[in-house]
Amino acid sequence: MHEIRVKAEDEIERILLEHHASPETSLDTDRLRHAMDLAIAATIVENKIKVRGSSVSASSVP
């Protein structure tokens, strides 16, 4: 999930830099929204994995 989030964040940055370089072209909002959705979803899954991992290790302590 970490790799997916990083790639999505890179894509967001690339989209915004492309638009900044040529502001006369319209911002590709569909592409931006898709990259943002991926980044958000990957972050949520990463956080759930961290929470489950910490609760598993905490519950295994006598």
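This is a predicted model: local features need pLDDT of at least 70, side-chain atom pairs count only at pLDDT 80 or more; totals for chains, interfaces and linings use all residues.
Tutor: The chain's secondary structure comes to two helices and zero strands.

Student: What makes the pair E46 and R5 a salt bridge?

Tutor: The side chains of E46 and R5 meet at 2.7 Å, N to O. The cut-off is 4 Å between a side-chain nitrogen of Lys or Arg and a carboxyl oxygen of Asp or Glu, so E46 and R5 form a salt bridge. E46 lies in helix α2 and R5 in helix α1, so the pair ties together parts that are 41 residues apart in sequence.

Student: Why can such side chains pair at all?

Tutor: Side chains of opposite charge can pair when their charged atoms come close.

Student: Why is the link between E46 and R5 also called a polar contact?

Tutor: The limit for N or O atoms is 3.5 Å. The side chains of E46 and R5 are joined at 2.7 Å, so the pair counts as a polar contact.

Student: Is E46 buried or exposed, and how do you know?

Tutor: E46 has a relative accessible area of 12%. Buried means under 20%, so E46 counts as buried. R5, with 16%, is buried by that cut-off as well. Of the 62 residues of the chain, 15% count as buried.

Student: Which residues is E46 in contact with, leaving aside its neighbours within four places in sequence?

Tutor: E46 is in contact with M1, H2 and R5. M1 lies in the segment before α1.

Student: What makes E9 and R5 a salt bridge, and how far apart are E9 and R5 in helix α1?

Tutor: The N to O distance between the side chains of E9 and R5 is 3.0 Å. That is within 4 Å, so E9 and R5 meet the cut-off. Because E9 and R5 are four residues apart in helix α1, about one helical turn separates them. E9 has 36% relative accessibility and so counts as partly exposed.

Student: Why is the pair R33 and D30 called a salt bridge?

Tutor: The side chains of R33 and D30 meet at 3.5 Å, N to O, and the limit is 4 Å, so the pair counts. R33 and D30 are three residues apart in helix α2, which means that about one helical turn separates them.

Student: Are R33 and D30 called buried, partly exposed or exposed, and why?

Tutor: Exposed means over 50%. D30 has 57%, so D30 is exposed. R33 has 48%, which lies between 20% and 50%, so R33 is partly exposed.

Student: Which residues are linked in a network of salt bridges?

Tutor: E11, R14, E18 and R31 are linked in this way.

Student: Which residues make the nonpolar surface patch?

Tutor: M1, I4, L38, V45 and I49 make a patch of about 410 Å². Helix α2 gives the most to it, with three residues.

Student: How confident is the predictor in the chain?

Tutor: The mean pLDDT is 88, and 87% of the residues reach 70 or more. Over residues 58-62 the pLDDT is below 50, and this stretch has zero contacts in the model beyond near neighbours in sequence.

Note on methods. Residues are numbered from 1 along each chain as its sequence is written. Side-chain values use heavy atoms; hydrogens and water are left out. Buried means under 20% relative accessible area, exposed over 50%, partly exposed in between (1.4 Å probe, protein chains only). A polar contact is a pair of N or O atoms within 3.5 Å; within protein, one must be able to donate a hydrogen and the other to accept it, and residues adjacent in sequence count only if both atoms are side-chain atoms. Contact means heavy atoms within 4.5 Å. pLDDT is the predictor's confidence in each residue, from 0 to 100. Patches are made of residues with over 30% relative accessible area and no salt bridge: like charges are joined within 9 Å, nonpolar side chains (Val, Leu, Ile, Met, Phe, Trp, Tyr) within 5 Å. Accessible areas come from the Shrake-Rupley method with a 1.4 Å probe; for residues, only the protein chains shown count as cover.
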